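Here are my notes for you to read alongside the model. Have it open and turn it around as you go.

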Amino acid sequence: LILILLGSCFIPYYCGRDPPVFRGEKWLDGGWTDNLPRPQFGGPTITVSPFSGDHDICPQDKPGRNWHVHMANQSLRVNPANTRRGIHALKPPKQEVLEEYYLRGFHDAERYLKEKGYFNVEAHNGLYIEKETTV
């Protein structure tokens with residue numbers, strides 16, 4: 001189990017030269033092969049990413065040049081905010097920045113759910129209260 005966990009977050013040359021080997025197979029972070037796998041059965045899938053791009057739930061960076069890079073089954077926007085996020089993925093920032101990322105992620109998910117009509121609550125003084133619905 002430890003080798004699989006080490007392999008699931010192994011980034012070549014950042015974590016070492018040789019990836020962990022389990023039962024004769026080399027293992028490395030899925031972000032290098034297929035970062036957003038889709039289920040084989042089809043159907044709706046919600047894609048989530050800490051990087052802005054073409055995902056259902058992701059940061060909504062200010063529009064600028066619409067440059068994207070495609071890698072490992074995902075499309076990422078090329079911009080300073082994503083560069084900063086990538087650096088923070090390898091060198092964790094201060095606690096305040098992590099808390100800001102957490103809150104932004106919460107609001108990104110909330111925005112998506114509201115847009116799709118899945119979020120039937122309102123915030124009141126930090127509490128979420130279900131909206132009344134009429135039938």
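1. You'll find one at the start of H2, where a side-chain oxygen of Asn79 comes within 3.3 Å of the backbone nitrogen of Ala81. The labels H and E are DSSP runs numbered from the N terminus: helices (H or I) have at least four residues and strands (E) at least two.

2. A word on what you're looking at. This is a predicted model, where local features need pLDDT of at least 70 and side-chain atom pairs count only at pLDDT 80 or more, while totals for chains, interfaces and linings use all residues. Residues are numbered from 1 along each chain as its sequence is written, and side-chain values use heavy atoms, with hydrogens and water left out.

3. Stay with H2 for a moment. Which of its residues are buried? They are Ala81, Asn82, Arg85 and His88, and they sit on the same side of H2 because they cover an arc of only 120° around the axis (taken from the directions from the helix axis to the C-beta atoms). "Buried" means under 20% relative accessible area, "exposed" over 50%, and "partly exposed" in between, with a 1.4 Å probe and protein chains only. The buried residues of H2 pack against strand E4 (74–77) and H3.

4. Now the salt bridges, meaning a side-chain nitrogen of Lys or Arg within 4 Å of a carboxyl oxygen of Asp or Glu. There are three of them. In one, Arg85 pairs with Asp61, with the closest N and O atoms 2.8 Å apart. Arg85 belongs to helix H2 (residues 80–90) and Asp61 to the loop between strands E2 (25–26) and E3 (68–71), so this pair ties together parts that are 24 residues apart in sequence. Both partners are buried: Arg85 has 10% relative accessibility, and Asp61 has 18%.

5. Next, look along helix H3 (residues 95–115), where Glu100 and Arg104 are four residues apart, or about one helical turn. Their salt bridge brings the closest N and O atoms to 2.3 Å. Glu100 is partly exposed at 37%, and Arg104 is partly exposed too, at 41%.

6. Is Ser49 buried or exposed? Ser49 is buried, with a relative accessible area of 5%. A polar atom of its side chain lies 3.1 Å from the backbone nitrogen of Phe51. Beyond its neighbours within four places in sequence, Ser49 is in contact (heavy atoms within 4.5 Å) with residues including His55, Cys58 and Leu76.

Definitions and conventions: A polar contact is a pair of N or O atoms within 3.5 Å; within protein, one must be able to donate a hydrogen and the other to accept it, and residues adjacent in sequence count only if both atoms are side-chain atoms.
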